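Me: I would like to learn how to read the features of a structure such as this one, going from strands to rings to helices and loops. Could you take me through them in turn?

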Amino acid sequence: MPGNASEYIRNFFKLNDSPEDTAMAKKLEASLVQVEYANDEIICRIGDKADAMYFIASGKVEVLDCNNQPLNEVGEGQYFGEYAVMTGDKRLSTVRSKGGTVLFRLESKAVHEGLSYQPSIYGALIKKMYNQIAKKHSQLLLVSSSRRGLAKDVKNQRIMGRKELLIHYGIILLVFLVAAFLPDAENPAPAWVLLPIGYLMVSISITKRTLESLVFACLISLLILFKLGFIFSFFEEMVNTAINYNTMEIVLIIFLLGSLSRLLSCSGGINALRRITMERIKTSRGSLLLSLVCIIVIFLDDYLNLIIAGICFMPVNDKKRVSREMATFVMGMSPEAINSLVPISVWGIFLSGIITIHLGESGMPLFCQSIPFNFISILVLVIAFIAAAGKLPLVGALKAAQERVAQGGSLWPPNSEQYFTENEDTTRGNIINLFLPIGVLVLSSIVSGTITNGTFSVNLGYGLLITIGFLFIFYCFQKLMTPEEFFENIVSGAESMFILNVLLVVTLCFSESITQLGLIEWLISAMSFNNGITWLLPPILFLLFTIISMLLGSSWAMYPFGLPIAMQLAAAVDGNIALCVGAICAAGVAGDGLSYYQSGNIFIATVVGCEPTALVNARLPYFIFLTILAAAMYLVAGVLW
């Protein structure tokens, strides 16, 4: 046996030079079998029984997915196959030799004997798997920091040159100078609001940096209002917004939702669901329909339910030859739609929280009244079910994708490879770990709800605290994670929502500043000159804020000023406030669906493995149709209500 065999055994099982460890090392070395593989020879396949692990003495091996596409390379001195042996699962990847490869094969019986002798290794491997899960989750969260429209594709960011920096910030300085020299007025002219709004639209369109653009737009508004005192005013506005009780409540709930989402994703329930789908689903139609049902049932967060659906159903979709564009069409546009309709999702809390901040009382009842009027989300879910059932008339890029796959072509469009991710989560768990907490959350939120002025409201804050407390006992009792890991997940999940909460506070400040500039009064005046056109308000709001959301590249940046404007306009012209709120909620979903640079596209591309432009091209004709149809429905609703 080559000399480095002993080194492999000692390093993997953490054996020292003591007599006992030396004896065990020799025993394990005796179980090693040297095997050689030629170039491109398969070592093990997906679905094979995990009967051994391997140490690489020389050469390299490639780890392949179910479509025989490379996912990873493992080289000399490394090992593979240990997780499947340890867990008793079948192989999750195919491995083939890259060039001539010499391996040491260690049978699973010997592996388990070594683990029994050195049980701390088992814990170390579990910890390693946990860290890989955390790394994977962090990668997705890095992309998902763009989910609220705050970052560019992390793959394409670059550093500006000095000339670009001078030009970019020189233009901003010029806009500031124009704002500074606008004449003072007791009642600022409504036209002045076009300067910060115009800057915001142009800046986001060019830079795709929503948060930076919002901060500068807010500063420009305050500069018009307060001249040289604008910095102090900005600080005061930020503080007053942040310490507002209603703002703090929504911020805390969003943090807790992030923590709960992270705990669910690390519970092992996702893998249990994936195993069930791999074993039970027999058709592409069944895979797409069940992925859609999964997204609807796991309604807490649009990114959580897409991650779960992607991990559990994409392998089946690939096996059943479903194009990535079709998978993205069904799975990618459904999470926003369902989340914007559910009061206790991240979207529902964000939207009802903005209403609460504006009204000074619970906004949940008004948000619930607006749900039937969120026409675009309802239409999106209907068309997603039609597509999953295979009954959708195919047009444009979606039709071309299906034809490509039917003719034996690739499952994904060109340039999609850079968005492929390997699911490294091997945590064993039960499907109940995923769905029981959601049931606990719903039940506890209802039981702890309150009745105010005859209206019942769920108490999601209490529900989240009860659910997280329940999970501490439930997960730690199963040894899915240690108490330390449990609280690490809570912190990491809350961190994933930090950008969203910053966006909320900054956008509320911007909304307040443009209100002080007289925008809403001017709009009310324009709408009030003839109350006979009140029925036009819902379709006008829907189309106007769809365009704004599309230009911003983020519905989340639009909602904090779109909703207050809609509510005040509806109240001023005696319109249906719930209908107008529903129109704004729908406008955000429509704007995201129509936008090419909506940053959530990058997240969807990463989860599903599809080039972002291709996924937008596939859905664009349908979103244009749905937007026109929804506008017509708002026109009819405006007449009826």
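Me: In β6, which residue is the bridge partner of Ile-56?
Reply: In this predicted model, Ile-56 has Leu-103 as its bridge partner in β6. That bridge belongs to the pairing of β3 with β6, two strands that run antiparallel and are joined by 11 bridges.

Me: Which other strands pair with β6, and in what sense?
Reply: Strand β1 (residues 33–37) pairs with β6 (residues 94–107) in the antiparallel sense over 5 bridges, and within β6 the residue opposite Gln-34 is Phe-104. Strand β2 (residues 42–44) is also antiparallel to β6, with 2 bridges between them, and there Ile-42 has Arg-96 as its bridge partner.

Me: How should I read a pair of aromatic rings, and how many aromatic pairs does the whole structure hold?
Reply: The general idea is that such a pair is described by how far apart the ring centres lie and by the angle between the planes. Here a search of the whole structure finds 24 aromatic pairs. In one of them, Tyr-54 and Phe-80 have ring centres 5.1 Å apart and planes at 15°, so the pair is stacked. Since Tyr-54 lies in strand β3 (residues 52–64) and Phe-80 in strand β5 (residues 79–80), the pair ties together parts that are 26 residues apart in sequence. Both Tyr-54 and Phe-80 are buried.
The pair of Phe-373 and Phe-375 is edge-to-face, because the ring centres are 6.3 Å apart and the planes stand at 80°; Phe-373 and Phe-375 are buried too. Rings can also be grouped beyond pairs, and one aromatic cluster is formed by Tyr-8, Phe-12, Phe-13, Phe-55, Tyr-79 and Phe-104.

Me: Is Phe-80 buried or exposed, and what is it in contact with?
Reply: Phe-80 has a relative accessible area of 7%, and because anything under 20% is called buried, Phe-80 counts as buried. Leaving aside neighbours within four places in sequence, the contacts of Phe-80 are Ile-43, Met-53, Tyr-54, Ile-56, Val-61, Val-95 and Leu-103. With Met-53, the separation is 27 residues in sequence, while the C-alpha atoms are 6.0 Å apart in space.

Me: Which residues of α7 and α11 are buried, and what covers them?
Reply: In α7 the buried residues are Pro-196, Tyr-199, Leu-200, Met-201, Ser-203, Ile-204 and Thr-207, and their cover includes α6 (162–180), α8 (210–226), α23 (498–516) and α25 (537–552). In α11, Gly-269, Ile-270, Asn-271, Ala-272, Leu-273, Arg-274 and Thr-277 are buried, and these residues pack against α10 (245–265), α12 (284–297), α13 and α20 (432–447).

Me: Now the loops: where does Ser-345 lie, and what does its side chain meet?
Reply: Ser-345 lies in the loop between α15 (334–339) and α16 (346–359), and at 0% relative accessibility Ser-345 counts as buried. A polar atom of the Ser-345 side chain lies 2.6 Å from the backbone oxygen of Asn-339. Not counting residues up to four places away in sequence, Ser-345 touches Leu-257, Phe-299, Leu-300 and Asn-339.

Me: What should I look for in the backbone angle phi?
Reply: The general idea is that phi is negative in most residues other than glycine. Arg-321, although not a glycine, has a positive phi of about 60°; Arg-321 sits in the loop between α13 (302–319) and α14 (324–332) and is partly exposed, at 38% relative accessibility. Lys-479, likewise not a glycine, has a positive phi of about 65°; Lys-479 is in the loop between α21 (460–477) and α22 (483–496) and is exposed, with a relative accessible area of 75%.

Me: How many helices and strands does the chain have, and how much of it is buried?
Reply: The chain has 29 helices and 8 strands, and 55% of its 641 residues count as buried. Of the contacts with a separation of 6 or more, 79% are between residues 24 or more positions apart.

Methods: Residues numbered from 1 in each chain as written. Predicted model: local features only at pLDDT ≥ 70, side-chain atom pairs only at ≥ 80, totals over all residues. Heavy atoms only, no water. Buried < 20%, exposed > 50% of the residue type's maximum accessible area, 1.4 Å probe, protein only. Helix = DSSP H or I, 4+ residues; strand = E, 2+ residues; numbered from the N terminus. Contact = heavy atoms within 4.5 Å. Phe/Tyr/Trp six-rings, centres within 6.5 Å; stacked < 30°, edge-to-face > 60°. Polar contact = N/O pair within 3.5 Å; in protein donor to acceptor, adjacent residues only side chain to side chain. Pairing = 2+ DSSP bridges.
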